[in-house]
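Welcome! Here is a short report on how two chains meet in one structure. Take a look at the sequence and the model before reading on.

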Amino acid sequence: MASAPLPLGPPPRCRILKMIVIGDSGVGKTCLTFRFCAGKFPNKTEATIGVDFREKTVEIDGEKIKIQLWDTAGQERFRKSMVQHYYRNVHAVVFVYDITNMATFQSLPAWIEECKQHSLGGEIPRILVGNKCDLKDATQVRTDLAQKFADTHSMPLFETSAKNPGDNDHVEAIFMTLAHKLKNHKPMMLSQPLLDENKVQLDPEPSPGVECYC
Amino acid sequence: GTLQDNSTLLQFKFFYILKLDYESKRKRKVAEIQHALNSSPVDVAALRRMAISEGGLLTDEIRSKVWPKLLNVNTDDLPPKPGPELRENNKDYQQVLLDVQRSLRRFPPRMPDAEREVLQEQLIDSILVVLKRNPQLHYYQGYHDIVVTFLLVVGERMATALVEKLSTHHLRDFMDPTMDNTKHILNYLMPIIESVNPELHDFMQRAEVGTIFALSWLITWFGHVLSDFRHVVRLYDFFLACHPLMPIYFAAVIVLYREHQVLESECDMASVHHLLSQIPQDLPYETLISRAGDLFVQFPPSELSKEAIQQENTAVSTFKDFELVSAQQRPDAVLRRRLREQPQRERRSNITAARTGTRRLMKLAVMGLTVALGAAAFAVANGALEWAAKFELQLFP
């Protein structure tokens, strides 16, 4: 593991990218995040209750970056009063729909609105993922329709399958694209010391994400 | 060699005696439960004590007789099995289907697919029947984890009846149109932790971890996160016999039990959330159950309600709404009722300290534990169980 030469002086830091994954129930949010973090399709997933968390450390241009994925419950009742806490300091949003279920695509405007209410609008990177491409025969949401929607909301579109082994690289590439994009957008990165030894230091405003809404 | 053989033999004898002791205690408990069931009227208070005390209700066969009594459900008058029309134009069907199809882990691992599929169909029906008969109740993801537990223990029709009662009482707050009241109940978690361990509390506050890690624990009574079904039903014995807020005390006890792990983790939301939401599968359940009972008596909801309210922005508005709802046993309603009694209680606060000692004795009586059965006895019993397993003594068939 070759690490990039770090300037002497400052403590070692590992930058953290926080992404939230949202979309209707059953579109495959848990499978996608599991696929990216564990490199395989989970054999039994259950309904997510509240918020689950997964992470993976990747290396981009010689720098170690921790990608945190917050996997949320799809059922509407969890959005309002429960999940909002986890929208804070988010660096990127991943919207997911199921290409074999039109209703999950039609819910996207509501999810986009939900994000806007948490101040996560067009100013932070957002991507759209159409999942379950292994079920091509059951497609209900055609690519051109999804592409049009993605263009309207200035988001890149990815169609993929968390299940199909051949798409492993693809799932990885989706999250890495986002990570690269964020890495070059330094003001948006939340960084913190690798080892938090400064328990004596009282932090009046604990870890305020340095965010940029320019 | 001989010396070691001797010591092994001695150990064996020692644990064999413990096993005999355990079996005689167990037999006595089965007899006591039978006696309470056969009394006229049924001795529900005794059944409650049995459900709380060590080992709970012991077997699913006993549970299927005692759970209806704890919920005061008449088993002669069960809802009829629904027809196919139940699923037609049903607003909840799609979501329930989606969640039940994915609930494979809730069924015994060696169960044949065909058998499991029949149970999954029954699970869908049970849920939909309760929702249809009670339009004020709203389905939530996780409700299926509760219903499946009842289905596996008492069968479809009885499960429907028990869950219907539970949904209009213990689970009522979780089934509101929104989750505001669920959030309110979660707000009790940090004050309980603070009362016992301020350092741990402050660490968690600094990490801004929130309480969502405990959401699935609360609304599924731990059915969603524990993989061993025996642990799940043991907790259900406990919760069915207790105050509807007991699950939040049990959640606090788990966090407190993991104090060192939490304090050693990095003080940020992700690390602490991740650590706490991965629940260890080898928790010392009997000890934790006893501790949760202790905490409930030492720090009853009335003494925590003020702090819980302070954590919440919407308390005032929802409080008004709540005045209109008078459903008994809704956990949140109990909290708010106690809150109104607060001023009177505060006047009596000077005698609180004196009462704590009495409370502990009361609690022991309430929980059906004897003073002699302290932590040491638990430790010995647990050790015996682990050891006995190697000799296939099968204490828990």
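A salt bridge is counted when a side-chain nitrogen of Lys or Arg lies within 4 Å of a carboxyl oxygen of Asp or Glu. By that rule, this predicted model has three salt bridges between chain A and chain B. In one of them, A:Glu46 pairs with B:Arg105 through their side chains, at 3.3 Å from N to O. There are also twelve residue pairs in polar contact between chain A and chain B, both residues being at pLDDT 80 or more.

Which elements of chain A give two or more residues to the side that touches chain B? The table names them.

| Element of chain A | Residues |
|---|---|
| strand E2 | 51-60 |
| strand E3 | 63-72 |
| helix H2 | 76-81 |
| strand E7 | 190-193 |

The residues on this side of chain A are twelve nonpolar, 13 polar and eight charged.

Now for the extent of the meeting. In contact with each other are 33 residues of chain A and 46 residues of chain B. Together the two chains bury about 3,100 Å², with 54% of that area on carbon and sulfur atoms. On chain A's part, A:Glu46, A:Ile49 and A:Arg77 supply 24% of the area buried against chain B, more than any other three residues.

Finally, a word on chain B itself. An unreviewed UniProt entry places the feature "transmembrane region" at residues 238-257 and 364-385 of chain B. In the model, residues 238-257 of chain B are 80% helix and 0% strand, and the end C-alpha atoms of this span lie 18 Å apart.

Key. Residues are numbered from 1 along each chain as its sequence is written. Chains are lettered from A and ligands numbered from 1 in the order in which they are written. This is a predicted model: local features need pLDDT of at least 70, side-chain atom pairs count only at pLDDT 80 or more; totals for chains, interfaces and linings use all residues. Side-chain values use heavy atoms; hydrogens and water are left out. UniProt positions are given in the numbering used here, feature names are shortened, and annotations may be inferred rather than shown by experiment. Helices (H or I, at least four residues) and strands (E, at least two) are DSSP runs, numbered from the N terminus. Contact means heavy atoms within 4.5 Å. Buried area is the accessible area (1.4 Å probe) that two parts lose on being put together, summed over both. A polar contact is a pair of N or O atoms within 3.5 Å; within protein, one must be able to donate a hydrogen and the other to accept it, and residues adjacent in sequence count only if both atoms are side-chain atoms. Ala, Val, Leu, Ile, Met, Phe, Trp, Tyr, Cys and Pro count as nonpolar, Asp, Glu, Lys and Arg as charged, and the others, Gly among them, as polar.
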